[in-house]
Each structure stands twice: as C-alpha cells, then as structure tokens.
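Subject: Structure handover

Hello,

Here is the structure I said I would pass on. My notes on the sheet and on one pair of helices follow it.

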Amino acid sequence: MSQQSLNERVTPLVVDGESYRDAFRAFLAGTDEKDVTHAYLTDVVRRLPARRTFLDVGAADGTTTKQLSPFFEKTLCIEPGEHMYELLRRNCPDAVILRDPVLEAQVRTPVDLALLSHVLYYLPRKQWTPALLRILSWVRPGGELLVALQNPANACMRMVRHFTGARFDLARLAEELAATASPLVGAARLETLPVRYHGGSLEEAVAVAEFHLSVPELGAVEALPTRQELSAYVRRHFTDPAGGFTMPHDQDMLHIRRSEAAHHQP
C-alpha cells in the first residue's frame, strides 16, 4: 500500500459495490460466524412449536435462508437490494421474495419464525422499534422473532465506536419494546454467541475493519480515519501472538415471543 493511499481517509463502502462484496467475502472466509450461528439457529428452529412458514427479513444472498428453509413448509424473504436479490433468487429458488423495504412490505401469511439478522445497522435508530413491531405483527401468536446484531462490547464494535461514536445495543431495544406495552410483545430474552474473525495478513484485516466501519449510518461522522490510522489500530488491537490478526465479534441474539393473546394482524 502506497504512502499516498495510507494518507487517504476511509470512505464507507457502497453495499451493492464490488469493494464491499470483496471485503465481505474476505470477512466470511476468516470468520466462524456462519458455522456458530447456523448451529444455534438450527437448534432454535427445532424447538419451535410449529414450522409452517419462515420469514427472513433482509435475507441478503440467502446463505442462512438456505440453511433454515428445509425445516419449514414455506419460506418468505424480504430483500430490496438488487445484487443480493439475484443471488438470493439463485440460492433459494423456492422462496417467495418480497422486494419492498421492511417498513413498506406486506406479509399476508402468518409466520412461525421471523429472522432479522444484522439488518438494523442499516435502519435509522428511530425506526428500530416500529420495524420490530411491524415484523412481530406478521408472526403467528406463540411464534418467535429473532434479531441478531453484534454485541456492543465486542472488540469489533469497540473499534466502530472509537472511530464513529456509533453504538448498536439490542438490550436497550428490548427495554424499548417492553415500554411500548404492545399486546404483540411477549417474553423476550437476550443471548450472546462468541465468534471471531482471523486473517493472515494486515492488508486483509484492514479491509475487514473497513467493511465494519461501513456498517453504521455515518452521516454524523465528520471524517473517518485515514487508512494509516486504521492500520495502526488493527495492529495494536488485533495482532494475534500466534500469528495473523484476530478480531472477536460476538453476536447478540434477541428472542421475542409473540404474545399468545395477540391475534394475527396482516
């Protein structure tokens, strides 16, 4: 990497852009997140009282959808992104795919499990509670909404907070949902899964760090770090004594049971 490029400031990666996809692929190649979360989600699905319909909100390329859909009679997805939609359509040809954003989508079929995995980063904070209540209205009474985000105290999110000030906290969201006193909201619990990314080279680890800095809304951030500053942070905080670079990014899983007393709202 040239000195000139090191002095350039990191810019948010465009979600549908090639640089974002390259960084995302590098992240997926080095993390155990999918293995850990897929095993966890499979266990959740097996414990459901019914498995008629699964809804994956923000299904992306369908990797997780493909893992869970065989347990259900029907699979619905919400995915407005053009590039991700094409991948999702190829990976999950039997799924019904809705193209509208979550706050505009219309789901007419009651679902037994709704999954909202790593989507809230892309929604303004004031829309989090309305989005969850909307999704919960599509869940069958006694069914479950499962929301996944990175734990705000993990090393990756500490980096995001250091450079942007952004914090994403499902525990706070659970409190807000309870405070709405909505008849939709039943029991809720929060669990944390330990996962980590490991990469062999500094260049790759910095690319993954840049990918994570692209996740939050950055409109209020005057300037992201230079690549030299980001590289220094990665070396200081993520260098692994055994070699390479390790970035813990534990995942929070918020389980929200739809109240048995609430009737389905289309």
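Two strands count as paired if DSSP finds at least two bridges between them. Helices (H or I, at least four residues) and strands (E, at least two) are DSSP runs, numbered from the N terminus. The model is predicted, so local features need pLDDT of at least 70 and side-chain atom pairs count only at pLDDT 80 or more, while totals for chains, interfaces and linings use all residues. Residues are numbered from 1 along each chain as its sequence is written, and side-chain values use heavy atoms, with hydrogens and water left out.

The sheet: seven strands form an open sheet with mixed pairing, in the order β3-β2-β1-β4-β5-β9-β6. β3 (96–98) and β6 (185–193) are at the edges with a single partner strand each, so one side of each has no neighbour in the sheet. Within the sheet, β1 (residues 53–57) and β2 (residues 74–78) run parallel and are joined by five bridges. Asp56 has Cys77 in β2 as its bridge partner.

Helix α6 (residues 128–138) packs on this sheet, and the strands it touches include β1, β2 and β4 (111–117). Contact here means heavy atoms within 4.5 Å.

The helix pair: the axes of α6 and α8 (residues 170–179) come within 10 Å and cross at roughly 65°. Axes are lines fitted to C-alpha atoms, for helices over the stretch in contact, and angles run from 0 to 180 degrees between N-to-C directions. On the α6 side the contact is made by Trp128, Thr129, Leu132 and Leu133, and on the α8 side by Leu173, Glu176 and Leu177.

Regards
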